[in-house]
Amino acid sequence: MTTRTENQEDSMSTAIPTRAPHDDVPTGHQPSGGRVGAGLFDPKQLLRSLPEAFRKLDPRAQVTSPVMFVVWIGSVLTTVFAFTDPGDWFGWTISAWLWLTVLFANLAEAVAEGRGKAQADTLRKAKTDTVARRTDGSVVPGTELKVGDLVVCEAGDVIPGDGDVVEGVASVDESAITGESAPVIRESGGDRSAVTGGTKVLSDRIVVKITTRPGETFIDRMINLVEGAARQKTPNEVALNILLASLTIVFLLVCATLPPLAHYAGTDLTMTVLVALLVCLIPTTIGALLSAIGIAGMDRLVQRNVLAMSGRAVEAAGDVSTLLLDKTGTITLGNRQATEFVPVRGTAEAEVADAAQLSSLADETPEGRSVVVLAKETYGLRERHRGDITGAEWISFTAQTRMSGVDVDGRKIRKGAAGSVLAWVRERGGDIAPDADGLVSRVSEAGGTPLLVAVEDARGPRVLGVVHLKDVVKEGMRERFAQLRRMGIKTVMITGDNPLTAKAIADEAGVDDFLAEATPEDKMALIKREQAGGKLVAMTGDGTNDAPALAQADVGVAMNTGTSAAKEAGNMVDLDSDPTKLIEIVEIGKQLLITRGALTTFSIANDVAKYFAIIPALFAAVYPGLDKLNIMRLSSPDSAILAAVIFNALIIIALVPLSLKGVRYRPVSADRLLRRNLAVYGLGGLIAPFIGIKIIDLLLSLIPGIG
Amino acid sequence: MGPVTAGVLQLLALMGALALAYLPLGTYLARVYSSDRHWRVERWIYRCVGADPDTGMRWPAYLRGVLAFSAAGVLFLYLLQRLQGVLPLSLGFRAIDPDQAFNTAASFVTNTNWQSYYGEQAMGHVVQTAGLAVQNFVSAAVGIAVAVALVRGFARSRTGELGNFWSDLVRGITRVLVPLAVVAAVVLVACGVIQNLSGIHEVGQFTGGSQQWNGGAVASQEAIKELGTNGGGYFNANSAHPFENPTPFTNLFEIFLILLIPVALTRTFGVMVGSVRQGYAILATMATIWLAFTALMMWTEFAHRGAALELAGGAMEGKETRFGVAGSSIFAVATTLTSTGAVDSFHSSFTGLGGGITMLGMMLGEIAPGGVGSGLYGMLIMAVIAVFIAGLMVGRTPEYLGKKLGTREIKLAACYILVTPTLVLVFTALAMALPTPAGSMTNSGAHGFSEILYAYTSGANNNGSAFAGLDADTQWFNTTIGLAMLLGRFLPMVFVLALAGSLAGQRPVPATAGTLRTEQPLFAGLLVGAILIITGLTYFPALALGPLAEGLAA
């Protein structure tokens, strides 16, 4: 772990970068073709969650979902009525299936929660009892630390609580929370001072100032989140619940007012039949799966190593219309790469390449390495190593000199930032080729960073040429941004580069807009401007100076490598610290909403078929004409009602995998999404129950005494 | 030319006339409700009632205006009927009984015009013109005002103000209803509708014996009866009476008047929210339902089943020969898909399924195109519900016309759609469960039940048409239907205005490619489906036991 990259970037960019680049950013989570991957679903989970599902039969657990609470009461009622007439197999069967309906709903929720529990258990292991050594020498258990305490951690210690490093540098193993085994550097000051309780110091010694009370640490919050203990209903979920409750009330009325109407018609409906009708009509499918969908949505984020501090944030992600993306690491590969050697007049290109390669051997920054590689690839210059050349004196790159080079065979070769190299040549009384300035500015105008190569040999000190360093846009980003545009999301590139460079990269990457020479204040102003226009803004950030903007943004994703201030301010934390993931987060948010809408539509559309099954079954005896509504030609009234109830229960189990995985989502326009989802879940919801009820009825009719 | 062809031609003429009036009237209405200039006559009115027409009202103030004005209307109308015995020009009619006076007052103030009385045998000139006819204007104007307030809720942002109720009310009368009604009345008079203040004439019949003919200001009342989707006839026979509706042309003209303002208001909506295409989508939704209902009605009424129908060329019982099956079917659908309730034929005598279509039209909430104002706001509420479900399916917090549909908005829309089903089902069930109300049925079996179901459906949805056959002038029906009308009119208005207030306060969300496009045919189709499934299905069991049981029996 070095900090050299940072220095070189600082020295070469014309403005302050808004976020420090990291060389510990994993390269995983590349764009996956624009498709939100499905979560895993293992049928065994159903079995494992069964005990929990039974525990949830407790009415206190049921009350939270109005729809399922009605089913629960219906089950109790039918059971009571079954006891009054113990010989009535129909009453018992209906009541059994109603209980199964409730159980299936519980099961869906339990399975969704179960997946979080496994994650929580791994986290809990990290929360072993720790002992804290305070700087004053006292030793206390980690649970008795107070905010502001200073504790000392040395190699092998587990950090007792969340805090900031105030002294020293150490490599820390954070695999307990990130799953990433490579250690990370934590040091006092700057943007990498935050340490998390439960992580382990591998080397050196640091002093940590505790910033969080025990019990409220990052790990504690993570455990609560993934277990669903801290789960609150999101705004959309509340609104949907209200709509479902009102539909439930309507159908309660329909069923409650039916007996006098039926009595007049000449038939008396039993409580069992009425409850069966009610349960079939109220939107049980979505009512049963609603909370599982919400939990699974959070879980899909957790699987991608993103922690959302609230469900609200996940929903907001679906609504985002402006994405603020940091250039470095998100749009471009973290580092600039050499793409071209441009000689000054009177010098051969190969000579520049050779000199550039030699002088870069002592530069181990990615930029330096890319010079070596380019020279090898374009001029066939064999990659040389420092050991290959004898008698050479290597001059390593430092932030002060901003140059690297080598003195060998009486030649002094230097390569580095334009200003430094020019100063070096002038210092030695050398000539500056008249076209050097022009070359430098040409590279700058093209959005690149110019490095100068100079030499001092028998012909005296002079500039040989320019190395064109260019930001390399990640593969596939252009398509990704086009997709986002189709989804109605505007992308804004944030960069510390000058406007010229920024524009060139923005054009190449295909983002809609860019903010150059961005300061934290500029970023904040941009967010506020977008929000004033009614837009929801998402961004990533890691530095302390990002914190206000992260807090202001509707979706603020803090990088786990960032400061604790940034993590506090954001409403999500990406444990992989991969800014590209913002795009996936948006897609997961959308997928969550789509799944809810699709299953609601499906649930409501189901009612048509159920009416056609139950109404003729109830009344065809008194009004034979109504038998014409029995378009499924169900075998008997009892079997028709039973088939509808059974379908209603089984469809819940059948849709559990879908509600956990989420509806397939592709980044296309709203029109196409709607067309597709309406066809699948609207039309499908109309037709599927006709087929399902008919099949169940056919099977039931095989049982003697029903058909 | 066969009767079916004639029907189709009538339908085409009707649609052509509506299409011609759509742009100018809709745009004019938008201008009426957006202008900040007052007419002189309007200033006088404001001065008389002591209203300030320029203050912007937040939704509670707007609602207070609606409720206070309507309460005053109910009280005035009630007293007028109770005092009829001492009023001049009362043709010798006595005071109306308290329960019937309450029912009638509620009925006309709520734009329902349910009539449990026989106009020509109970109401004198003063009650008819100073009471009932006045309410025909003002109740319609109240409806338009509330719809306009909701449209402003969508159109405005970051303000709580929905406009001024008094100015909306007065302008609706002075600039819209009165001018249109005058023109319509002149046309009707020219076509043979009577307009006089003469008394009762004793007329000899061809078959011997005699009959009483009333004179009256029929054409003027007829014009606003249709134009304001009121429906309260001067005569008990309503638009089947030759003095109200003498020819096939006046029949078609009256249907045109019924549909005119509700249809044009979709344009007003489009203009006011700044996208006429949004108005077209709402219009397309209404038109689809209306056309489908009309086609179904014609099909079931023309279907030749049984010797008598075969001979008559369709179900002619209860229909006027001068209108025929087609003219009656178009009228019946138009009157029940709006809150009009005027009838030119007897819905009770329609085929079982035909009767069911009239009921379903009302049960959908009368939104295709619906009553003046009430049709538009009812449809917009359904659009809110449909957008909420469909909006989730495109992966965003649902938004309609740039306004987010959050918890509060959905709560209000959900309350709105609860009101009428509750009233209809609870009152119907009570009437069926109690011993006395059922005594008012003239038929037994499914048809008898339809009479009661129809009565409460008509009352709670502020339609006002009757299935005929039910003796509704009992204390039970006068009271319960009166309550159903009042609650069915004003409770939804509370939710509509609260919703308007909530929408107006929002900051609009700009539309992007990720936004559900509500001006697309796909959305109109979705809206039709949502309306049929969410409101239609609620009544499926009740319909099965009434019109479906009867209609499918054959």
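Me: Is B:Phe165 buried or exposed?

Reply: The relative accessibility of B:Phe165 is 0%. This is a predicted model, in which local features need pLDDT of at least 70 and side-chain atom pairs count only at pLDDT 80 or more, while totals for chains, interfaces and linings use all residues. Residues are numbered from 1 along each chain as its sequence is written, chains are lettered from A and ligands numbered from 1 in the order in which they are written, and side-chain values use heavy atoms, with hydrogens and water left out. Buried means under 20% relative accessible area, exposed over 50% and partly exposed in between (1.4 Å probe, protein chains only), so B:Phe165 counts as buried.

Me: What is the geometry of the B:Phe69 and B:Phe165 ring pair?

Reply: A search of the whole structure finds 24 aromatic pairs over all chains (Phe, Tyr and six-membered Trp rings with centres within 6.5 Å; planes under 30 degrees apart are stacked, over 60 edge-to-face, the rest tilted). For B:Phe69 and B:Phe165, the centres are 6.3 Å apart and the planes stand at 65°, so the pair is edge-to-face.

Me: Which helix holds B:Phe69?

Reply: This pair links distant parts of chain B, 96 residues apart, with B:Phe165 in helix α7 (residues 165-190). B:Phe69 is partly exposed at 22% relative accessibility. Helices are DSSP runs (H or I, at least four residues), as are strands (E, at least two), numbered from the N terminus; the helix of B:Phe69 is α3 (residues 59-82).

Me: How many residues apart are B:Tyr377 and B:Tyr416?

Reply: B:Tyr377 and B:Tyr416 form an edge-to-face pair, 6.4 Å centre to centre with 90° between the planes. B:Tyr377 is in helix α14 (residues 374-393) and B:Tyr416 in helix α15 (residues 407-433) of chain B. Both are buried, B:Tyr377 at 3% and B:Tyr416 at 13%.

Me: Where is B:Asn111, and what is the value near which its phi lies?

Reply: B:Asn111 is in the loop between α4 (98-109) and α5 (119-122) of chain B. B:Asn111 is buried, with a relative accessible area of 0%. Its phi is positive although the residue is not glycine, and lies near 65°.
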